[in-house]
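Dear colleague,

Please find the structure below, followed by an account of what was found in it. I would be grateful if you could read the two side by side.

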Amino acid sequence: MSLTAKIGELSPYLRLLRPELYYMDLTLPASSAILASYLATGGLPEFLPFLIAVIGGFAAITSSYVFNDCCDIDIDTINLPDRPLPSSRVSKNSALAYALFLLGVAGAAAAYLNPESLFVLFIAAGIITFYSVFAKRNTFLSFLPVGISYGLVPVGVWLAFDPAGILKGSDGVILPLPAICFGLMICVTDWAFTLGGVSRDVEGDRLKGAPTLPVTFGIPFTARFVTFWWIVGVIASVIIGWSAQLGPVYFAGALASGLWMLTQCLDFIKHPTPERGGTLFLNGSNYRAIMFGSMILDVMLCIYAGAYTSILW
């Protein structure tokens, strides 16, 4: 059975959470928590805080998906009519309540872990709300707030395991370099990731008057623009590994998946169609998930294999 068929059989409430992106959306908070704990303490995070961070991060990300679907019902009726809201399997009021519930879960998790994480969540939620309610219908730069909001996810998770100390006396370092690089890498790759999906949705956006980048400048231009930011993202992934002094497993996974991602971008430039943009959107999810998975495995080797880190450093 194909992935599309399997997704089609899921509950509409699970489908609202974008099951095709589950792996990426779970491994992002997981890798952020594990890397932050390793650099701060030399070990893995305790299981309960780690589990809460992963659930909270996943809930924060998916709440934005559900809320955006509530704002885009008219566009999705054209582009993605089988989604739960345009197909009337979930009402708009129910979906809004669901989005608030997920945000509440994320808020409770952040408050339990560190008020600084909760503060970052408030900022990220406000930015993504601005995107869904206003920016997408008014500017071709609407992809910018999406990336900023998503880039704050690893920062919020990081603070749960390596607090900035602003509330209880700072140690002089608000965020270490690896955390800053991680957030920036996610931000710029999410600009590219989002624009792949927006290229897929160009027909509905044009008909409903949403001046997205592909609508305003065309898909061929968007393909080149997207490729630039994926290149920047792959370079940033190397800087993360260098700044955190990670081992060869991380670099091999990040570079192999990154180079594969760039070949997909070049194919998008050669075939700048909505369908290829949609495929690139999923390619981007897979690339980042592999990178996060490589990071998790590498950190575990750094902790439990004594001579591993000396291979490169």
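Is Arg18 buried or exposed? Arg18 counts as buried, because its relative accessibility is 8%; buried means under 20% relative accessible area, exposed over 50% and partly exposed in between, with a 1.4 Å probe and protein chains only.

Please note that this is a predicted model, in which local features need pLDDT of at least 70 and side-chain atom pairs count only at pLDDT 80 or more, while totals for chains, interfaces and linings use all residues. Residues are numbered from 1 along each chain as its sequence is written, and side-chain values use heavy atoms, with hydrogens and water left out.

Backbone and loops

Arg18 lies in the loop between helix H2 (12-15) and H3; helices (H or I, at least four residues) and strands (E, at least two) are DSSP runs, numbered from the N terminus. The phi of Arg18 is near 60°, a positive value in a residue other than glycine. Gln245, in the loop between H12 and H13, also has a positive phi, near 55°. With 45% relative accessibility, Gln245 counts as partly exposed.

Asp201 sits in the loop between H9 and helix H10 (202-207) and is buried, at 8% relative accessibility. Its contacts (heavy atoms within 4.5 Å), leaving aside neighbours within four places in sequence, are with Asn79 and Leu80. The C-alpha atoms of Asp201 and Ile78 are separated by 8.6 Å, although the two residues are 123 apart along the chain.

Pro214 belongs to helix H11 (residues 213-217) and is buried at 1% relative accessibility. Not counting residues up to four places away in sequence, Pro214 touches Leu195, Val198, Ser199, Val202, Ile219 and Thr222.

Nonpolar cores

A nonpolar core is a set of buried Ala, Val, Leu, Ile, Met, Phe, Trp, Tyr and Cys residues joined through side-chain atoms within 4.5 Å. The largest has 65 residues, and those with the most contacts inside it are Leu35, Phe182, Trp230, Met291 and Met295. Among the elements that give two or more residues to this core are helix H3 (22-41), helix H9 (177-200), helix H12 (219-244) and helix H14 (274-304). H9 gives the most, with 11 residues. Leu35 touches Trp158, Phe182, Ile240, Ala244, Leu246, Met295 and Val299, residues up to four places away in sequence not being counted. A second, separate core of 17 residues includes Ala59, Ala60, Ala99 and Leu118.

Largest pocket

On a 1 Å grid over the protein atoms alone, a pocket is an open set of points where a 1.4 Å probe fits, with protein on both sides within 12 Å along at least five of seven lines; lining residues have an atom within 4 Å of a point. The largest pocket has a volume of about 880 Å³, the volume being the space filled by probe spheres set on the points, which are joined across faces, edges and corners. Of its 50 lining residues, the closest to its centre are Ala60, Ile61, Ser64, Tyr65 and Ile128. H4 supplies the largest share of the lining, 12 residues.

Cysteines

With a disulfide taken as a pair of cysteine sulfur atoms within 2.5 Å, the count comes to 0 disulfides. The sulfur of Cys70 is too far for a bond, because the closest cysteine sulfur, in Cys71, is 6.6 Å away. Cys70 is buried, at 3% relative accessibility.

With kind regards
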